[in-house]
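The following briefing concerns one protein model. Please examine the sequence and the structure before reading the notes below.

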Amino acid sequence: MDITILGSLAGGIGLFLLGMHLMTQGLRQAAGKSLKNVLHAATKSRLKGLLSGTLITALVQSSSAVTVATIGFVNAGLLTIPQSVAVIYGCNIGTTMTGWLVALIGFKFKISAFALPIIALGMLMNIASSKERFRQIGFALAGFGVFFIGLDFLKESFEDLEQSIDLTVISALPFSLLLFLVAGFMLTFLMQASAASMAITLSLAATGSISITAAAALVIGANLGTTSTAMLAVIGATPNAKRIAAAHVIFNVITGAVGFALLLLFSSQVNNLHNQDFISTVTLLALFHTVFNVLGVVIMWPLTDAMVKLLKQRFLSQEENISKPQYLDKNILSTPYLAVEAMTMELGRVSRLCSSMALAAVSEEGPNPPQLDKDLSSVMTLVSAVGKFNQQIAQQNLDPDITDILPSSMRIARYLNEVARLSTRLVDYHKTLENISDTSIKQNVFIFKKDISKLLQASRIEKESDTESDPARKILHKLEYNYQALKTDILNAATSGKLDATESVTLLDALSHLRRLAEQAEKSSSYWSSMLPIHSRGGPSAS
C-alpha cells in the first residue's frame, strides 16, 4: 500500500474532524443564550423535547454538544429527567443529518467548487465583523467548507485504497456483518465522533469498497459507538449526568439491536434495492440510519416512564454525600451560560447548608458540635470545588456578562465559607450566652439572637427563587443598632459590678462573633443577584 494513500486518508479524517469542530464550536458560541432558550422550551412537553433535540442536533451537527447542554439543564432543574430523555431521543435522530448532508451534497457536486468559496466567506466574516455572533458564524461556515474538503479527501483515498486492498473479502467471512458492526463501534470509540465514522462508511460504500449491507452494519456500529462518548464523559460526573448517559446507552443499544435485526431479515431485499440503481448507495444508507433511529424512538417512547423510574433509583450514593458537588459537571464547561447556572445552583446548595449550620449554632436548643464540624468540612470541600469550577469557566470563550459574574461567585463562596466557620466556632460561646447573670441583658441577647435567626433565613438562597437582599440588609441595620446598645449595657453592667470582668469580656466577644456571622450572611445575600445574568439584578451593597 502506498504511504501517500495512508497520508491522504489520515489527512482527510483530520480535516473532516476539524471541520466538525469548527462548525460545532462556531454555532454553539453564536447561539449563546439562544441554545438555552430553545432547549428550555422543551420543558413544556416530551414531544417538544424530542423535536428540540432533533432540530438543534441537526443544526449544531453534534449530538454530544446537545447532550451536554441537556445534562446542564437537568442539573439546574430546568428540565426533568423524562423531558431530557426525550431530548436524547431527538439527538439520535438529529445525528442522521450528517448522512443526508453527505448523500445530498457531498457526493453530488464538485466539492472544491463550493467548499473553498464557503471557507473564504467564513473567514472574511470572522476577520471583518465587529460583532462576536457574526464572527462565530463565520467560523461555522469555514468549518462547513473544511468538513466537505475532508470528505473529498476521504472519497479519493478510498478510491485509491480499493485498488490496493479488496475489502469485499471480509464480507465472505462468517459473521461478517457482526465484524463490520464492531468495526463501526471501534471507529467511533477511537475518534470520539460518530459523524467521522459515518463519513468513512459512506465513502467506502460510494467507492464500492464494501457492500451495502456491510456499510449498514458499520452505520449501526457507529451509532452504538456514541455510547462510549457518553460513558467517558460522565466519569466522576453528577448523578443526573450518569442517569442521562445511561438512558443514552439503553436507547442506542436497543436501537442498534433493532437495526441489526432489520439488516439480517432484509439484507437480500436491501441488496436488490441497491441493484436497481434508482437510489444511490449513500442515500440508501442515510435512509437506513434514519429509519432505525426513528423505529428506536417508537419502541422506547411507551417504555420511557419505566426506564426513568429505574434510573432514578440508581446513582443515589453520590446524592447522599453532601460534600460531593451535585451540579458542577465538567461536561457543560464548553457552554459557559450553562456552566454558570450549574455553579449558581451549587452555591445555592452551599447557602442552604450554611444557613442550617448557622441556625443550629444560634438556636437555644444548642448545636451538635460533631455534626457542625462534619458540615464545615463539607462546606470547605464544596467551596473549593466551586472555586476550581470558576477557574475552568474563566478559561472558556466568555461573553462580558459572564466575565462579570465570576468574581461575584467567588465572593459569595468566601462569605458562605466564613458563615460555616463562624457557626462552628459559636459553640465555644454557647455556655456564656446561656448563663448570663444579668436578667435584662440576657433578655436583650435573646432578642438579638432571634433577629440574627431572621437575618439568616432572609439571606438563605432558595432553590427556585431569586433572593432579595433588601430584607436581610434592613435586619442587619437593626442588628447593628441593637449591637451597639447591648455593648453599652454590658460595659455599664461591668462598671457597676452587675457583671464580673471575665463574663463581660467573654460576652462582648460572643456578641461580636454573632455580629460578624450576620454580616457575612448578609453579604452573601447582597451579591447573589449578580449571579443571575438572565434575571433582573439588584446591585450589591457597598459593604
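Which residues does Glu346 touch, not counting residues up to four places away in sequence? Glu346 touches Pro325, Gln326, Tyr327, Leu328, Leu382 and Val386, where contact means heavy atoms within 4.5 Å. This is a predicted model, in which local features need pLDDT of at least 70 and side-chain atom pairs count only at pLDDT 80 or more, while totals for chains, interfaces and linings use all residues. Residues are numbered from 1 along each chain as its sequence is written, and side-chain values use heavy atoms, with hydrogens and water left out.

**Overall composition and confidence**

- The protein chain contains 23 helices and zero strands; these are DSSP runs numbered from the N terminus, with helices (H or I) of at least four residues and strands (E) of at least two.
- Of its 543 residues, 52% count as buried, a term for under 20% relative accessible area, with exposed meaning over 50% and partly exposed in between (1.4 Å probe, protein chains only).
- Among contacts between residues at least 6 apart in sequence, 80% join residues at least 24 apart.
- The protein chain averages a pLDDT of 80, and 82% of the residues score at least 70; pLDDT is the predictor's confidence in each residue, from 0 to 100.

**Surroundings of Glu346**

- Glu346 belongs to helix α17 (residues 336-362) and counts as buried, at 0% relative accessibility.
- Its C-alpha atom is separated by 7.6 Å from that of Val386, which is 40 residues apart from Glu346 along the chain.

**Aromatic cluster**

- The structure holds four aromatic pairs, meaning rings of Phe, Tyr and Trp (its six-membered ring) with centres within 6.5 Å; planes under 30 degrees apart count as stacked, over 60 as edge-to-face and the rest as tilted.
- One of these is the tilted pair of Tyr89 and Trp301, at 6.3 Å centre to centre and 50° between the planes.
- The pair links distant parts of the chain, 212 residues apart: Tyr89 is in helix α5 (residues 81-94), and Trp301 is in the loop between α14 (281-300) and α15 (304-312).
- Tyr89 is buried at a relative accessible area of 1%, whereas Trp301 is partly exposed at 27%.
- Ring pairs join Tyr89, Phe251 and Trp301 into a cluster.
- The charged end of Arg46 sits over the ring of Trp301, 5.8 Å from its centre; this term requires NZ of Lys or CZ of Arg within 6 Å of the ring centre and within 35 degrees of the ring normal.

- Helix α22 (residues 470-496) has 27 residues and reaches 39 Å from its first C-alpha to its last, close to the expected 39 Å, a span given by 1.5 Å times one less than the number of residues.
- Buried residues of α22 include Ile475, Leu479, Tyr483, Leu486 and Ile490.
- The cover of the buried residues of α22 includes α21 (439-459) and α23 (501-526).
- Gly497 follows α22 and has a positive phi, near 90°.
- Leu507 lies in α23 and is buried, with a relative accessible area of 0%.
- Leu507 touches Thr432, Leu433, Ile436, Ile441, Ile490 and Leu499, not counting residues up to four places away in sequence.
- The C-alpha atoms of Leu507 and Tyr429 are separated by 7.9 Å, although these residues are 78 apart along the chain.
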